[in-house]
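The sequence and structure come next.

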Amino acid sequence: MNSPTTSEWTWMGRIARPVSCAALVYWALFAVLAPVTVWDAHVYNLGRLPLAEIGGLWSNSLWTSERQVAFPLTFDAVHLPFLHLGAGFALPSFLCFLGTLTVVWSTLRRWHGRDAGWLGVLVLLGLPTLAFQAVATKNDLAVFFGLAVWFHGVSSWQRRPSTQHVVFAAVAIGFMAGAKTSGLIPAFLAILASGWIFRSARTALAVFAAALLMSLAALGSIETYVMAKHSYGSPLGPDRFVRDHRNNDGVKGAVANTVRYVAANLSTGAEPWLKTDTITPRWEQRCRSLLASLDLVNVGYRRDFDDAHLRFSRIGWDSASDYGPVGTLALALALLALGWWRTREMWWQLAMAAWLLLVAVAFSVAWMPWNNRFLLAPFGLLGVAAVSLSWRPSWRALRWVLFALSAYSVVTYPLTSFNKRPSDLAGAILHRETQEFKERPSMQPVAAAVREWRERHPKGEVLMLAGSDSWVLPFLTAGSLNVSPVTAEDLRNRIPANMAKNIATAVLILNRPDFRRGELPLIRVASFTEERDTTLYTVVAPSEMNAVTAPFWRSGFYADGWTAPRAELDLEGWTVGIIRMVLWNPTPIVRSIKLASSLEQKEFVLQPSERLHVQLRTARTDSVKIDVSPPYVPKATGLADDSRPLGVYVTLEE
Amino acid sequence: MPHAKRPLSVPSSPQSGPRLLSLTWENLPYFILSLLATVSLLSRLYLALR
């Protein structure tokens with residue numbers, strides 16, 4: 001155990017405190033003002049709350065994603081009042097952050113003095129992913145907060161035995177277990193550790209056991225396990241879904257993922273300023289080489305990712321950032337701790353706890369590019385461990401390095417982030433909808449089209465049939481859109497019912513590749529080529545259906561004339577019986593193209609720069625699919641990079 | 001432990017009655033957890049009973 005030092009208060013602490021407070025004020029403003037911005041929250045974390053308000057939790061047929069049913073609800077449900085309020089969506093996360101900082105501040109201050117307390121706060125603010133999560137609406141930070149409160153409870157109890165600390169330690173475990181499925185790991189470890197800590201205090205142990213049972217019952221999100229069991233036969237969700245998202249390669253997968261997590265978090269701190277980040281691809285390549293030399297290629301992945309496309313995202317998104325140079329330094333010290341055993345010192349114990357949590361994540365969860373936020377607790381603990389180590393005699397220089405890197409990161413990373421800049425804060429007020437859709441700008445025209453229709457038909461009804469990757473939240477919460485979610489079966493019943501009552505009706509099909517208009521009396525109002533399988537229709541009397549309408553791209557067509565490798569062109573009331581188009585391959589590689597309608601299939605090989613006039617027989621209501629391979633154009637061609645798949649250039653002929 | 005109990009505000013008078021948890025920096029994480037847990041529980045009950 002480190003010996004408590006004097007309550008040191010030098011100019012380091014005197015600077016760290018106002019800098020930290022200024023950063024906290026900045027993030028607090030974000031928490032209050034920012035709209036919901038995160039992809040996951042729009043689709044399921046918060047998107048499911050209005051659906052549950054309409055259809056309840058049990059036997060709700062309106063769910064649009066298995067994640068809405070199977071993922072723990074405890075933390076997401078905290079946002080319900082804020083959805084009604086229309087503001088402060090990130091306040092629950094910010095409160096978690098504030099609570100975690102308080103635990104860190106009070107712990108380090110007790111161990112090493114005031115300087116250490118404020119340096120600890122600054123270090124945590126200097127971990128970009130952690131700071132971004134503090135103003136997001138994801139549940140990862142709630143797990144770290146639960147762990148921090150548990151630690152606060154048991155360490156306070158060790159100093160001053162009181163039932164209050166035991167009860168809160170138990171409540172914190174229930175909270176982290178119910179916040180996120182991956183929170184079950186730290187919750188389980190915390191239960192084991194609590195048993196050890198309370199082992200010689202029978203009363204405390206009994207109180208803890210009783211409080212833990214009540215806490216798990218009240219906060220463990222039991223309802224989602226019941227819902228998933230009822231819907232999918234398994235409490236964790238559909239078997240395929242669970243299999244896809246867990247590490248299926250055992251120890252080999254865990255080792256490979258640990259290597260990836262470490263390599264993904266080696267940052268110089270210069271990356272945010274680089275116009276083209278040339279540093280990160282080198283780390284990716286070295287990580288690939290290391291994995292190959294360890295015979296660990298492609299193990300530990302979700303099935304749609306592999307080492308050939310390994311990406312360490314540092315693009316300043318909530319879910320695609322790293323922990324900056326502070327995280328890298330803390331990680332280096334954690335590696336040092338592996339060979340330099342100081343079992344009685346708190347920094348070493350924290351470093352080992354961080355390793356345990358990191359390896360547990362690597363073992364249990366399949367690698368995906370956005371997994372870095374799963375590591376909030378390990379990196380938070382490593383940050384605290386680094387501060388504690390820097391108060392060791394002869395390690396004094398480390399605290400200045402930590403101070404400098406943290407101060408740099410606190411300023412640099414928000415300024416260079418994707419949607420946490422001061423201009424984004426202003427945008428949260430002035431251009432709120434643009435800010436809301438910044439992660440998926442292709443959704444903004446959809447919302448605009450619905451709003452326009454709604455303004456023309458204030459008493460009408462918009463029915464929404466959404467798919468599993470749909471941003472349902474904006475349509476269910478924004479008052480001016482006022483959309484009613486329906487199932488496919490509801491849709492067929494509601495249209496004639498509304499027609500009978502003379503209610504103007506629009507139908508929003510959102511990311512539903514399986515939807516076919518068929519005989520429904522629907523006329524297309526708007527389609528959205530950048531947003532897959534999305535169309536706004538209006539209901540008309542069958543006699544008003546036009547004989548001939550224009551073809552429109554259901555998916556995979558870019559505004560510049562290019563298609564994606566897979567694209568789909570829809571025809572409604574197409575009486576010509578044939579579609580003509582020009583395919584152009586301006587790339588320097590040979591492309592093979594398949595065209596298919598319900599009546600005919602054709603295959604072509606397009607040489608570099610070749611243009612081809614083609615025609616295909618079609619039905620009156622049909623869908624023409626275009627499939628291009630290879631789907632990627634080499635980066636060297638300058639037409640695209642290997643992260644943007646590209647099809648061919650298409651022009652429709654009259 | 002010189003910093004263990006620094007009050008956030010002036011402590012209430014003894015006449016104000018017993019308090020479960022005094023509002024200190026040390027207890028702030030407990031207050032936040034209590035608040036989040038209560039809102040979560042009420043919201044989930046509301047959703048479950050619909």
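Helix α9(A) gives the most to the lining of the second largest pocket, with nine residues. Helices here are DSSP runs of H or I with at least four residues, strands are runs of E with at least two, and both are numbered from the N terminus. The model is predicted, so local features need pLDDT of at least 70 and side-chain atom pairs count only at pLDDT 80 or more, while totals for chains, interfaces and linings use all residues. Residues are numbered from 1 along each chain as its sequence is written, chains are lettered from A and ligands numbered from 1 in the order in which they are written, and side-chain values use heavy atoms, leaving out hydrogens and water.

The second largest pocket has a volume of about 1000 Å³. Its lining is made of 34 residues, and A:Trp150, A:Phe151, A:Met346, A:Gln349 and A:Leu350 lie nearest the centre. Two or more lining residues come from each of α6 (91–112), α9 (140–159), α11 (184–197), α18 (346–364) and α19 (376–389) of chain A.

Cavities were searched for as well, and the whole structure has six of 30 Å³ or more. The largest cavity is lined by 16 residues, with A:Val143, A:Ser182, A:Pro186, A:Val361 and A:Phe374 nearest its centre. At least two residues of this lining come from each of α9, α11, α18 and α19 of chain A.

Grid points are joined across faces, edges and corners, and a volume is the space filled by probe spheres set on the points.

A:Phe145 in α9 and A:Phe175 in α10 (residues 163–179) of chain A are 30 residues apart, so the pair links distant parts of the chain, and A:Phe145 is buried, with a relative accessible area of 0%. A:Phe175 is buried too, at 0%; buried means under 20% relative accessible area with a 1.4 Å probe and protein chains only. The centres of these two rings, A:Phe145 and A:Phe175, are 6.2 Å apart with 90 degrees between the planes, an edge-to-face pair. Rings of Phe, Tyr and Trp (its six-membered ring) pair if their centres lie within 6.5 Å, and planes under 30 degrees apart count as stacked, over 60 as edge-to-face and the rest as tilted.

Over all chains, there are 30 aromatic pairs. In one of them, the centres of A:Tyr26 and A:Phe30 are 5.4 Å apart and the planes stand at 70 degrees, so this pair is edge-to-face. Both residues lie in helix α1 (residues 11–33) of chain A, four residues apart, about one turn of the helix. A:Phe30 counts as buried at 3% relative accessibility. Ring pairs join A:Tyr26, A:Trp27, A:Phe30 and A:Phe132 into a cluster.

Chain A also has an open sheet of five strands with antiparallel pairing, in the order β6-β7-β12-β9-β10. Strands β6 (552–557) and β10 (601–606) of chain A are at the edges with a single partner strand each, so one side of each has no neighbour in the sheet. Strand β9 (residues 591–596) of chain A pairs with β10(A) in the antiparallel sense over six bridges, where two strands pair if DSSP finds at least two bridges between them. A:Arg591 stands opposite A:Leu606 in β10(A).

Methods:
1 Å grid on protein atoms, 1.4 Å probe; cavity = no way out; pocket = protein on both sides within 12 Å on 5 of 7 lines; lining within 4 Å. Buried < 20%, exposed > 50% of the residue type's maximum accessible area, 1.4 Å probe, protein only.
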